[in-house]
Amino acid sequence: MHEMSIAMAVVGQVEEAARAGGARAVTSVRLRVGELAGVVPDALAFCFELACAGTVLDGATLVTESVPARARCACCPGTWAVGMPPELCCPGCGRATDVELLSGRELEILSVRWEDGPAGARTREPIPEEA
Ligand SMILES: [Zn+2]
């Protein structure tokens, strides 16, 4: 399951940071998830809970922040909300050949909160894409 490997990657990264920061218990993790990252929030929350079991993250809350997808056309100055399912044809000129995705594929840890450590320790490292 896609969400399971994401959850395990997130837990792994947070665990490492928490250990380095001398955390006793991680209380919450905030994630930025793009609209096109292919993540079902409920499934991710479920997998996150499973992945946390028995680690320093046991019982931690997962907060996901959704990022709307936007695209830009190379042929005209238009940018638009891609939406779901993705609309990759420029609404301005109708072309779909030179479309650049500006946002929507984000999948990154925004912040982590834990006890016995600095609150709100930040990491901006993106999670590697699943092969
Ligand atoms: Zn255009």
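Reply: Contact here means that heavy atoms lie within 4.5 Å of each other. Please keep in mind throughout that this is a predicted model.

Me: With that meaning of contact, which residues is S103 in contact with, leaving aside its neighbours within four places in sequence?
Reply: S103 has its place in strand β5, and its side chain reaches the backbone oxygen of P68 at 3.0 Å. That residue is therefore one of those in contact with S103. Once the neighbours within four places in sequence are left aside, the residues in contact with S103 are V67, P68, A69 and R70.

Me: Does S103 count as buried or exposed?
Reply: A residue is called buried when its relative accessible area is under 20%. The value for S103 is 17% relative accessibility, so S103 counts as buried.

Me: What is the order of the strands in the open sheet?
Reply: The sheet has three strands, with antiparallel pairing, and β4 and β5 are its edge strands, each of them pairing on one side only. From one strand to the next, the twist averages 30°. With β4 and β5 at the edges, the order is β4-β3-β5.

Me: Which residue in β4 stands opposite A71?
Reply: The strands β3 and β4 pair in the antiparallel sense, over three bridges. In β4, the residue that stands opposite A71 is W80.

Me: Which residues coordinate the zinc ion, and what is the geometry of its site?
Reply: The zinc ion is coordinated through the SG atoms of C73, C76, C90 and C93, at 2.3 to 2.4 Å, and in sequence these donor residues are spaced C-x2-C-x13-C-x2-C. Four donors count as tetrahedral if all angles lie between 85 and 135 degrees. The angles among the four donor atoms here are 99 to 122°, so the site is tetrahedral.

Me: How many residues apart in sequence are the parts that C73 and C90 tie together?
Reply: Both C73 and C90 are buried, and both are among the residues that coordinate the zinc ion. C73 lies in strand β3 (residues 70-73), whereas C90 lies in the loop between β4 (79-81) and β5 (99-103), so the parts that the pair ties together are apart in sequence by 17 residues.

Me: How far apart in space are E49 and V11, C-alpha to C-alpha?
Reply: E49 has its place in helix α2 (residues 41-52), and at 62% relative accessibility E49 counts as exposed. In sequence E49 and V11 are 38 residues apart, while in space the distance from C-alpha to C-alpha is 9.7 Å.

Technical notes:
Residues are numbered from 1 along each chain as its sequence is written. This is a predicted model: local features need pLDDT of at least 70, side-chain atom pairs count only at pLDDT 80 or more; totals for chains, interfaces and linings use all residues. Side-chain values use heavy atoms; hydrogens and water are left out. Donors are N, O and S atoms within 2.8 Å of the metal (3.2 Å for Na, K and Ca); water is not among the atoms, so sites may look incomplete. Four donors count as tetrahedral if all angles lie between 85 and 135 degrees; four count as square planar and six as octahedral if opposite donors are over 155 degrees apart and all others between 65 and 115; anything else is irregular. Helices (H or I, at least four residues) and strands (E, at least two) are DSSP runs, numbered from the N terminus. Buried means under 20% relative accessible area, exposed over 50%, partly exposed in between (1.4 Å probe, protein chains only). A polar contact is a pair of N or O atoms within 3.5 Å; within protein, one must be able to donate a hydrogen and the other to accept it, and residues adjacent in sequence count only if both atoms are side-chain atoms. Two strands pair if DSSP finds at least two bridges between them. Axes are lines fitted to C-alpha atoms, for helices over the stretch in contact, and angles run from 0 to 180 degrees between N-to-C directions.
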